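Please brief me on this protein chain.

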Amino acid sequence: MIPYGRQDISQDDIDAVVRVLESDWLTQGPIVPAFEQAIASYCGARHGVAFSSATSGLHAACAVLGVGKGDIVWTAANTFVASANCALYCGATFDLVDVGLEDGNINVTDLESRLSKASSKGLLPKVVIPVHFAGEPCDMSAVYELSRTYGFKIIEDASHAIGAKYGEDQVGSCQYSDITIFSFHPVKVITSGEGGVATTNDSALAEKLRRFRSHGITRDPEFMHHASVGPWFYEQIELGYNYRMSDIHAALGSSQLRRLDEMISRRHELAISYDQAFVDLPVELPVRNNTGLSALHLYVIRLKLDEIKKTRLEVIKSLHSLGIGVNVHYIPLYYHPYYSGLDLRATEFPVAERRYRESVTLPLFPKMSETDQGKVIHALKEVLSA
Ligand SMILES: *Cc1c(COP(=O)(O)O)cnc(C)c1O
C-alpha cells in the first residue's frame, strides 16, 4: 500500500542519531538547545522551546498564556483532536470556528461573527488556535486584527506547516501570534521521531514554557524563592510536567531540518504533477496561496460527488483495493463522543461538514517515486471514471 505520508530518513540522519547514542548525553545534553536555536533562527523567531510532542507543546502554550478553569479556547472545526485537548488539559473548555471551503483554514468571517456574538454574551475566548491546514498558512494578519479588537491571545497550531511562508514571513516567526507550535511526528513535514517545538518572541513566555516542560523547576536565582544553599539546589516554583525532548530525537530533527527546503520543493513538484494530471477529473484541487508558500504536508482533493457515480466511501475503498493508501483529514471534532457534553452542533459548521463529506487525502511525501505517483494518478482516474 502506498501510504498517504511517510518519513524520509537519510544516512546523515542515522549518523546524527548514532553520534548521540555514542555521546555522554542521551537527554538534556547540547543537542536539544542547538535544535531549538536552529528552528528559531530558521523561522526568524527569538526563542525555540522543544517538547516531547506538539500535543505537549500545545498544552504548555495554553498554560503559560494563563488558560484555566472558566476560560474558553477556540480552534478550527476541522482539525486533529490535539488542537482542542490542550484547552481541556488546563481545565478550560473549547469552542469551534468553521473553516474555508477551499483551504480548510479558520474562516475569518465566521470567526468575526462568532466573536461579536460571544462579546455580547461575555463569552469571549482567552486564546484562539488557528491551524495551518495541510501546510497552507491561515490569514494571520486578519486573525491578529481581531485579537486587537476582542483581546484574545493567539497560538498557531503549525503542526503541518514547518517551512511554510505567510507572505514573506516564515510560519513560526510569530509576527501575528504569541506562540507557534510545530510537530515532528513522522507523518509530518520533517520528523524527530516524536517531538514538537514552540517558537515565540516573548522571553518571559519562553522561560515559562521551559519551566512547564521540566516539572516547574528552576535553578535561576531570579525566580527562586530562597538563595541557593549549594550546587545541588533547585526549586519547584509551580506545577510542571516532564514534556522534554531527548537529544536522540533532537539529533534526528536537526539533521532533517537541513533538508527541509529540499523536501518542500519535492512536495511542490509532486503536487504540480497531481494538479496537471487531475484537471479534467470531477474533483476540486487543493488551493495554494501564491503570495506565501505552503509546506504541502497534505494533498487533499474534494470529490464533486454530484458528477461521480460512487460515494466517497466507495471511492476510498476502491483506491485501497488498488494499493493506494488514501485517508481523510479530518473528522470534525464535534463527532468525537468525548466532546458530546460540549453540545457542538454539526449544523453550525456547514463548511467543515461539506469538506468532511468530499475530502480525500492522496499520498504525498518527498520519497514518493514517479512510478508510485503514476500508480496513484492512474488509480484515481480509473476509480472516478467507472
Ligand atoms: C499531528 C498534529 C498535532 C499533534 O502532533 P503530535 O506531535 O503528534 O503531538 C496537533 N495538531 C495537528 C493539526 C496535527 O496534525
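This briefing covers overall build, salt bridges, aromatic rings and a surface patch.

This is a predicted model: local features need pLDDT of at least 70, side-chain atom pairs count only at pLDDT 80 or more, and totals for chains, interfaces and linings use all residues. Residues are numbered from 1 along each chain as its sequence is written, and side-chain values use heavy atoms, with hydrogens and water left out.

**Overall build**

- The protein chain has twelve helices and 14 strands. Helices (H or I, at least four residues) and strands (E, at least two) are DSSP runs, numbered from the N terminus.
- The C-alpha trace spans about 75 × 60 × 40 Å along its principal axes.
- Buried residues make up 56% of the 386 residues. Buried means under 20% relative accessible area, exposed means over 50%, and partly exposed is in between (1.4 Å probe, protein chains only).

**Salt bridges**

- The structure holds 18 salt bridges. In each, a side-chain nitrogen of Lys or Arg is within 4 Å of a carboxyl oxygen of Asp or Glu.
- One of them joins the side chains of E36 and R213 (2.7 Å, N to O). E36 lies in helix α2 (residues 31-43) and R213 in helix α7 (residues 203-213), so the pair ties together parts 177 residues apart in sequence. E36 is buried at 5% relative accessibility, and R213 is buried at 11%.
- D275 and R288 also meet through their side chains (2.5 Å, N to O). D275 is in helix α9 (residues 260-277), while R288 is in the loop between β12 (283-284) and β13 (299-303), so this pair ties together parts 13 residues apart in sequence. D275 counts as buried at 18%, whereas R288 is partly exposed at 25%.
- R345 and D343 form another salt bridge (2.9 Å, N to O). R345 is partly exposed at 42%, and D343 is partly exposed at 47%. Salt bridges that share partners join D110, R114, D343, R345 and E348 into one network.

**Aromatic rings**

- The structure holds 15 aromatic pairs. Rings of Phe, Tyr and Trp (its six-membered ring) pair if their centres lie within 6.5 Å; planes under 30 degrees apart count as stacked, over 60 as edge-to-face and the rest as tilted.
- The ring centres of F94 and Y339 are 4.9 Å apart and their planes stand at 90 degrees, so the pair is edge-to-face. F94 sits in strand β3 (residues 93-97), and Y339 in the loop between α10 (312-321) and α11 (350-358), 245 residues apart. Both F94 and Y339 are buried.
- Y334, Y335, F349 and Y356 are linked into a cluster by ring pairs.
- R312 lies over the face of Y356, at 5.3 Å from the ring centre. For a charge to sit over a ring, NZ of Lys or CZ of Arg must be within 6 Å of the ring centre and within 35 degrees of the ring normal.
- R211 lies over the face of F223, at 4.8 Å from the ring centre.

**Surface patch**

- I9, I14, V18, L21 and L26 make a nonpolar surface patch of about 380 Å². Patches are made of residues with over 30% relative accessible area and no salt bridge: like charges are joined within 9 Å, nonpolar side chains (Val, Leu, Ile, Met, Phe, Trp, Tyr) within 5 Å. Accessible areas come from the Shrake-Rupley method with a 1.4 Å probe; for residues, only the protein chains shown count as cover.
- L21 is found in helix α1 (residues 11-21).
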